[in-house]
Amino acid sequence: MEKVYWLDQIKLQDRAKVGDKAFYLSRIMQRGYPVIPGFVVSAEVLRQFLETINSSESLVADLPDSSLHLDVANWRQLQQVASRLRQEVVAANVPPQWVSTIFAATREWQSKHLILQPTLSVSNTAKGIGNTSGLLEPIFCDCNEDAIAWGLKRVWSQLFRARSLLYWQHQGIDLQNVNLAVLVQPMQNAIASGSLHANASGWTIEATWGLGVALTRGEVLPDVYYIQQETGIVLERHLGNKLLAYRLDDGTTATAQPPLQSILTDENTGLVAYLLPEEGQKQYALPEANLQQVIALGNQLVSELGNDFTVQWSISEVDAVSHIHITEVNTPLATVPNLKLIKGLGAATGKVTASAYVINSLQKPEQIPEGVVLVVPTIAPDWLALMQKVVAIVTVQGGLTSHAAILSRELGIPAVVSAKDATVLIQTGEQLLVDGDRGEVYRLRDGKAGNKESPEISSTVSSVSFQHPHFSPQLPMIATQLMVNLSQPNLIERSQNLPVDGVGLLRSELMLLNILEGQHPHNWIMSGRRAELLELWTQQILNFVRAFTPRPVFYRSLDWRFHEFSSSTHTLPSAPHSILGDRGTLSYLNNPTVFELELTALLNVQKAGYSNLRLLLPFVRSVAEFTFCRHKVEQIGLTQMSQFQLWMMAEVPSVLFLLPEYVKAGVAGISIGTNDLTQLLLGVDREQGQLTKIFDERHPAVMGAIAQLIQMAKNADIPCSICGQAPALYPEIIDKLVEWGITSISVEPEAVERTHQAIARAEHRLILAAARRTIH
């Protein structure tokens, strides 16, 4: 380390050494604008420091000449490497002569406290890095040699956090091309701090009491002023929610601030957090004179930066005179990565604020806390019991028809799927706002939401999310049958009073998970527990049939892919993991024992006096499979009840060519499963959220197939229902379904009311159109 770079002396050729933040501040400072003095410990010093860590076992020893190629999709490797790199940096010794040089440079300020800010640039690439404040944070420390060494290592180590490594790899930037310097400045108390955002449509000024720490950490809602740039007139002002303020513990008092009550002092940094009294909370942080100072500064900067920029500022008071300083300058030279917002796909509606519980493994845990937001790579159906404990779901993988999406909608909890890198960026215990409507996950620092949703603690959210909409007794009459999809007994009471004509889809595999104790049904039978399982199975079905009688309940027999139930032990051979696997009626041919027990449970329900039960066969590949199942149904005796009907799911595309043959074989009706039909027609795995633009039930091929199936069913004089997610996700499809003559539509409980209204509108339009044709 040869020297430090003073802000007032930095030249254009120094930019790569000092980083963009320091470079822009130096440009402004050298043009005569008020910037707190400071100097930069160059990026070359970090490289020299890494070279001093010369242990043969050290990871960082090779970093100056390594691009550190990591598989960032391997979360375990990423976390382990990041943790070890940071530990090595923090444990190493900064050469004493370096520390002495830096400390000597700070002596002329006569300041007790320092702020060490990361300042970055990228070499050998055309990519910009924008504002990386979400990646790297400033470090505060006392002004002595030990504290300076500690602070430098803290700043440097942040370059090797998992989120940083992930960001650089996703940006396609080699770590060796990232230049991290450290801007060192004296800390001084402020009476107010904030930002000025300027663009062509106007200015926005944000302000809070004291140092800008509370604003940066998201612990306050700032005061906001909207300014007309041409005149400087304040168009609007809104008082924020400022409970906290920060200042330095230097024994001085800023007279312009309201009285403060100390609640936390950090002896390592000199920062003191204060709780503002009520009168301070009701006051604007900027009196008129200080507000005009900020506006005047903005007008001056327009000539330097143009009409589009952001500056951070602070106002201090010396001898009763206010002084404004620029602490950071940002111009739209590059995109700004916003790591506090994670964007995904909104899969289940609602908003929830709660603590995160992150699981990085695909292995299902034994237990999780109640009332948390579950953040996981993906969810298999056998996670159902765990999902009933949480208030929201965030998954890295999955689309709008994934298991996570379907289960969340049925349970009535918000869900965001395909949230890229969520398990890496989010930490357990972190406060999250999950917006299932917009597909957004907000990371709320330290649990301070700054959002009106924040007071909704998990218990409140749970009670709201399970409460279905209140239905008006004036709901219009509809001719198309509306039915509901269910699987969970605890939703029966709330769903049976909905304006539905029955259960259009009872998902047996999800229903059964409540009783299987992690064992495959085959294991129950082989271990001599057949009678016990039969009794439990019968009771589960009875719960639904009894509640909805005389309305029909369409029970879909088991449709399991073994790899989706990884935690359920079984002794049956299974196909390799795939989107198909040994599923549907094919599995009944290969292992008929469980299917026979399932049919016996259905017979027991009939014997209990209920005639509203229907059987829906899943994923039928051939007429031979259907015929095999029909024979089993007849042998058990289900067809002896005249009201019984045997239906099949229309989801394997071959049904488009074979439906007349199925009807001849005894199919009494079909239910279109748009989830599987879409993925098989379009060749897209519905669990892959990144393929959402391709996986779309509104695709002409899918809509054409649905129209063909409805027409073929009408020609064969059998009913045709639809029970996939398409009508709930895209209500505009309902117009076409009604026009084509669909018999019934079955949706999740949360979608019943809007689907009812959509059906009524579609039928009304058809009646009007017919009336107009008659008149003409």
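Start by selecting residues 202-209 and 223-227: these are strands E7 and E8, joined by 5 bridges and running antiparallel. Strands here are DSSP runs of E with at least two residues, helices are runs of H or I with at least four, and both are numbered from the N terminus. Two strands count as paired if DSSP finds at least two bridges between them. Now show side chains for Thr-204 and Tyr-226: Thr-204 stands opposite Tyr-226 in E8.

A word on what you have loaded: this is a predicted model, where local features need pLDDT of at least 70 and side-chain atom pairs count only at pLDDT 80 or more, while totals for chains, interfaces and linings use all residues. Residues are numbered from 1 along each chain as its sequence is written, and side-chain values use heavy atoms, with hydrogens and water left out.

Which order do its 6 strands take? Follow E9-E8-E7-E6-E13-E14, an open sheet with antiparallel pairing. At the edges sit E9 (234-238) and E14 (321-330), each pairing on one side only. Look along the sheet and you'll see a twist that averages 20° from one strand to the next.

On to a helix pair: select H3 (residues 75-91) and H5 (residues 145-157). They pack at about 160°, with their axes 9 Å apart. The axes are lines fitted to C-alpha atoms over the stretch in contact, and angles run from 0 to 180 degrees between N-to-C directions. H3 and H5 are therefore roughly antiparallel, the label for angles over 145 degrees. Show Arg-86, Val-89 and Val-90 of H3 with Lys-153, Trp-156 and Ser-157 of H5, and you have the contact (heavy atoms within 4.5 Å).

Now jump to Ala-347, in strand E16 (residues 345-348). Is Ala-347 buried or exposed? At 4% relative accessibility, Ala-347 counts as buried; the cut-offs are under 20% relative accessible area for buried, over 50% for exposed and partly exposed in between, with a 1.4 Å probe and protein chains only. Leaving aside neighbours within four places in sequence, the contacts of Ala-347 include Leu-400, Arg-409 and Gly-436.

Finally, zoom out. The protein chain has 26 helices and 30 strands, and buried residues make up 56% of its 776 residues. Of the contacts with a separation of 6 or more, 68% involve residues 24 or more positions apart.

Definitions and conventions: Angles under 35 degrees count as roughly parallel, over 145 as roughly antiparallel, 65 to 115 as roughly perpendicular and the rest as oblique.
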